[in-house]
Amino acid sequence: MQCSRCGNQEQKYFYEDRGKFYCRKCIQFGRVNVTDVLKKPQILSKKHKVHAQLDFELTDAQKECSEKLKQAALAQKDCLVYACCGAGKTEICFEVITTFLNMGKKVGFAISRRQVVLEITKRFRKAYPTLKIVPVCQGYTDITDGDLIVCTMHQLYRYYQTFDLLIMDEVDAFPYKGNDVLKPIAMQACLGSLIYLSATPDEEMLKDVAEGRLEMIELFVRPHGHPLIVPTLLKIPGFLQELLMLILIIRHPGQWMIFLPTIDQVRLHSSFYHLFLHSQGITSKTKNKEEIMESFRNKEFSILFTSTILERGITIQGVNILVLFSDHVVFDESSLIQIVGRVDRNWKQPTGYAYLAGATVSHAMKRCRDAIRRMNEDLPDLFS
Ligand SMILES: [Zn+2]
């Protein structure tokens with residue numbers, strides 16, 4: 001027996017109900033009987049005549065990647081775009097997306113986090129004002145078809161054999177990474193070309209590249225040409241980290257994102273410091289996340305306490321970063337690289353500070369710093 005949705009063959013996941021077997025491994029997406037044939041959803045494709053309206057011009061390096069990506073996708077080769085944070089992974093996808101849309105092909109963009117689905121939807125709406133861009137994630141599931149679909153990885157189960165081009169961002173992050181149900185579901189959603197975007201591809205992906213199953217396109221130059229900010233690692237006892245935070249905020253006025261390892265710590269910090277700092281907190285449990293992000297983006301307050309929920313995909317111009325208790329296990333190498341990548345996103349004013357403070361300096365902290373140094377070595381020496 002094999003589940004037609006998740007591909008499971010392990011007997012222990014098959015349950016019998018009235019003479020029919022169904023798979024419990026992917027039961028969160030609804031019951032599928034082993035004998036069921038999955039059907040394509042009612043999805044419309046039409047030929048568009050659009051071009052992406054961007055308020056920036058691609059750099060030469062981005063243009064080159066963008067062209068390579070388009071050619072590979074047209075040739076139905078799966079691609080990995082390995083780009084450092086801030087290099088413009090999304091930006092270099094516009095050309096291939098436009099090309100596919102204008103050919104009447106169905107395009108999907110899938111990301112791990114719901115928050116980022118909403119962010120990316122906004123960007124696509126700005127770039128393609130005449131198209132119907134549909135976000136599909138928790139809370140947004142009434143409309144599931146549009147000219148361009150932006151969804152969480154979880155929602156891909158709705159799109160069996162649907163996409164001619166499927167772009168998947170954050171494949172190296174929870175919940176996609178190592179998930180043996182989401183992966184087959186994603187593969188079934190894609191009929192044509194796959195594009196993975198990552199700043200921290202895992203070993204499995206690099207192996208696929210080495211063995212020729214994936215074409216790798218590298219982009220380590222940021223649009224402003226400046227190197228990535230290399231984080232400063234600080235070994236400092238827990239109780240002194242609070243003091244460090246206050247000193248940094250006073251010495252470098254501006255906006256700060258303060259990352260903390262647990263939701264409780266974020267709650268404690270935001271309710272305490274709220275009394276005398278312009279601060280707020282965001283965790284996965286926060287109800288009005290979008291509202292808080294919007295007001296932070298509008299610079300209405302300066303300190304944002306957050307859990308790892310904001311480690312990816314969030315762009316705040318000119319923000320500084322401090323990770324407290326950064327030797328905690330939740331902050332692995334790829335998580336820290338992403339967090340540090342939040343700094344220095346302002347093309348006009350590419351400055352910013354990044355500090356990782358832990359009671360000890362963990363391996364992940366060191367590896368994060370070394371990986372960023374390596375990415376910087378690939379840069380032309382324009383600014384030294
Ligand atoms: Zn299954």
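Of the 384 residues in the protein chain, 43% count as buried. Buried here means that 20 or more other C-beta atoms lie within 10 Å of the residue's own, with the C-beta atoms placed from the backbone; 12 or fewer is exposed, and in between is partly exposed. Keep in mind that this is a predicted model: local features need pLDDT of at least 70, side-chain atom pairs count only at pLDDT 80 or more, and totals for chains, interfaces and linings use all residues. Residues are numbered from 1 along each chain as its sequence is written.

On confidence, pLDDT is the predictor's own score for each residue, from 0 to 100. The chain's mean is 90, and 96% of the residues reach 70 or more. Over residues 380-384 the pLDDT is below 50, and that stretch has 4 contacts beyond near neighbours in sequence. A contact means two C-beta atoms, placed from the backbone, within 7 Å.

Now the overall build. The chain has 10 helices and 15 strands; these are DSSP runs, H or I of at least four residues for helices and E of at least two for strands, numbered from the N terminus. The radius of gyration is 22 Å, close to the 21 Å that the globule rule gives for 384 residues, so the chain is as compact as a globular protein of that length. That radius is taken over C-alpha atoms, and the rule is 2.2 Å times the number of residues to the power 0.38.

Next, the domains. The assignment, which is automatic or from a database, gives domain 1 (1-38), domain 2 (60-219) and domain 3 (232-288 + 296-372). The C-alpha centres of domains 2 and 3 are 28 Å apart. Across that boundary, 13 residues of domain 2 are in contact with 10 residues of domain 3. On the domain 2 side, helix α3 (residues 114-127) gives the largest share, 3 residues.

As a reminder, an α-helix has 3.6 residues a turn, so residues three or four places apart point the same way.

Last, I97, in helix α2 (residues 94-102). I97 counts as buried because it has 25 C-beta neighbours inside 10 Å.
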